[in-house]
Amino acid sequence: MPGQVQEKPPAAGASAAAAIDDDDEPDEWDKRIFSTGCADENAKMTDCYYEKKDWRACAKEAKECIPLDQDKIITMLPARRSFAVASRHLARLPARHIQAPAARLYATDSATTSTTSTTDDASATTTPPPAKPSAPAPKYAKPAPKATPKPAIAASVPTSYSDVVYQAKSIAYEDAREDDAADSLVDTVSVDWTRSFYGISARPVTEKQFKVLMQPLDEKDIEVKPDGVVYLPEIKYRRRLNEAFGPMGWGLIPKGEAVVGDTIVTREYALIVDGRFVSQAQGENSYFSADQLPSAVEGCKSNALMRCCKDLGIASELWDPHFIRWFKKNHMEEVWVEHVTTKKKRLQWYRKGDVDVAYPYKISK
C-alpha cells in the first residue's frame with residue numbers, strides 16, 4: 001500500500017538461528033552450537049533423523065564442518081533446541097494411517113481353514129470395512145509355581161505295642177553249640193586278647209547263623225541324621241549278635257587305653273565270638289566338657305561294635321552306595337527348618353512321613 005514501509009525479505013544465507021522461536025532466548029547449549037558456525041548443518045541433520053528415524057540414513061547431512069575459529073574438524077551433534085524445531089516441523093506434516101499388525105492366531109488347522117474360507121466368502125460379496133487395529137497378542141503368563149507339599153509330621157509312628165517291642169526271630173546258636181562240643185578249640189582262658197588274634201578264620205559260621213547275620217534290614221529300623229547320614233542304632237547290632245551267637249556267646253575286648261583329645265575320645269576294641277577273634281576297630285566319640293567324658297568313652301564302645309560287625313555282614317546295606325541312593329530317594333525328604341533364636345534357615349533330612357523337628361529348630365514357613 002502507498003505510504004507503508006515494506007519489510008525487507010530475509011537474507012538467503014540466514015543462519016539456522018532464525019528458525020528458533022522468537023519469544024524464547026537461546027540457551028547456553030544453542031549458543032555454543034552457533035559459535036561453531038555449523039548451526040545450519042546441525043539443523044539439517046536433526047530434521048533428517050526425525051524424518052528417517054535412522055542416523056545411518058543421514059550420512060549426507062552429517063558431513064563434517066570446519067568451525068570459524070578452529071582449525072580442527074568436528075562432527076555434527078544434535079542440539080536440544082534443534083530437536084524442538086524438528087518436532088514442530090513434523091507436526092505440520094500430514095498424518096499417515098499406520099495399520100497395526102494382525103494378531104497371531106493360535107488355533108488348530110481346522111479352525112484356521114474355516115476362518116479363511118469364511119473370510120474369502122465375505123470378500124467375494126462385499127468389500128469389508130477397514131480393519132480396526134487389533135489388540136496386541138497376549139503375552140504368555142508365567143507358569144504358576146509348583147506348590148511345595150508340606151512335610152507329613154510323625155505320620156508313621158507305631159500305634160500298637162507289638163510294633164515297638166523287640167522279639168527274637170530265631171535262635172541260631174543252639175545248632176552251633178552242638179557242633180562245637182565235639183570240635184572244641186584250646187582253652188581260651190590262657191589267651192591274651194589285647195595282643196592275640198587266636199581263632200581268626202579257623203571255622204565258618206553255620207548255615208543258620210549265616211542267614212541270621214545276613215538277613216536284610218527292616219526299613220523301619222534305619223534312622224536318619226539331619227545331615228542325611230543313615231545308620232542303624234547300636235542296640236540293633238547287639239540284638240543281631242544275640243540271635244546268631246546267643247547272650248554271653250560274644251564280647252568286646254579293649255585293645256588299649258582310651259585316648260582323650262580336646263574334643264574327641266578314641267579307643268580300639270576287638271570282637272570275640274565263641275572264643276575266636278573276629279575283627280577289631282577304632283571307636284570314636286565327641287565331647288564338649290569334662291562331665292561328658294564317661295558317656296563319650298561308652299560311645300566309643302558302641303561305635304567300635306558297629307564297625308566290627310561289618311566283617312560279619314550285619315547291616316551291610318548301610319555301606320552300599322546303591323542302597324543308600326535308593327533309600328534316600330524313596331524313604332527320605334529334605335525339609336527347610338528355621339532356628340528359633342537366630343532365624344537362620346537350613347535344610348535337614350528326615351524320614352518321609354516322620355518329620356519330627358527338635359528344638360532349637362522348627363519347620364520354616
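Predicted model: local features only at pLDDT ≥ 70, side-chain atom pairs only at ≥ 80, totals over all residues.
Residues are numbered from 1 along each chain as its sequence is written, and side-chain values use heavy atoms, with hydrogens and water left out.

Glu234 forms a salt bridge with Arg238, the closest N and O atoms being 2.6 Å apart; a salt bridge is a side-chain nitrogen of Lys or Arg within 4 Å of a carboxyl oxygen of Asp or Glu. Both residues belong to helix H8, where they are four residues apart, about one turn of the helix; helices (H or I, at least four residues) and strands (E, at least two) are DSSP runs, numbered from the N terminus. An α-helix has 3.6 residues a turn, so residues three or four places apart point the same way.

The twelve residues of H8 reach 17 Å from the first C-alpha to the last, close to the 16 Å expected at 1.5 Å a residue, the expected span being 1.5 Å times one less than the number of residues. Among the buried residues of H8 are Tyr237, Arg238, Leu241 and Phe245, and the helix is followed by Gly246, whose phi is positive, near 85 degrees.

## Other salt bridges

The structure holds six salt bridges. One of them joins Lys236 to Asp221, with the closest N and O atoms 3.3 Å apart. This pair links distant parts of the chain, 15 residues apart, with Lys236 in helix H8 (residues 234–245) and Asp221 in the loop between H7 and strand E1 (223–224). Lys236 counts as partly exposed at 24% relative accessibility, whereas Asp221 is buried at 16%. Lys220, Asp221 and Lys236 are linked in a network of salt bridges.

Glu207 and Lys211 also form a salt bridge, their closest N and O atoms being 3.6 Å apart. Because they are four residues apart in helix H7 (residues 207–214), about one helical turn separates them, and both Glu207 and Lys211 are exposed.

## Asn303 in helix H9

Asn303 is found in helix H9 (residues 293–308) and counts as buried at 17% relative accessibility. Leaving aside neighbours within four places in sequence, Asn303 is in contact with Gln282, Gly283 and Glu284, contact meaning heavy atoms within 4.5 Å. Asn303 and Glu268 are 35 residues apart in sequence and 10.0 Å apart in space, C-alpha to C-alpha.

Methods
Buried < 20%, exposed > 50% of the residue type's maximum accessible area, 1.4 Å probe, protein only.
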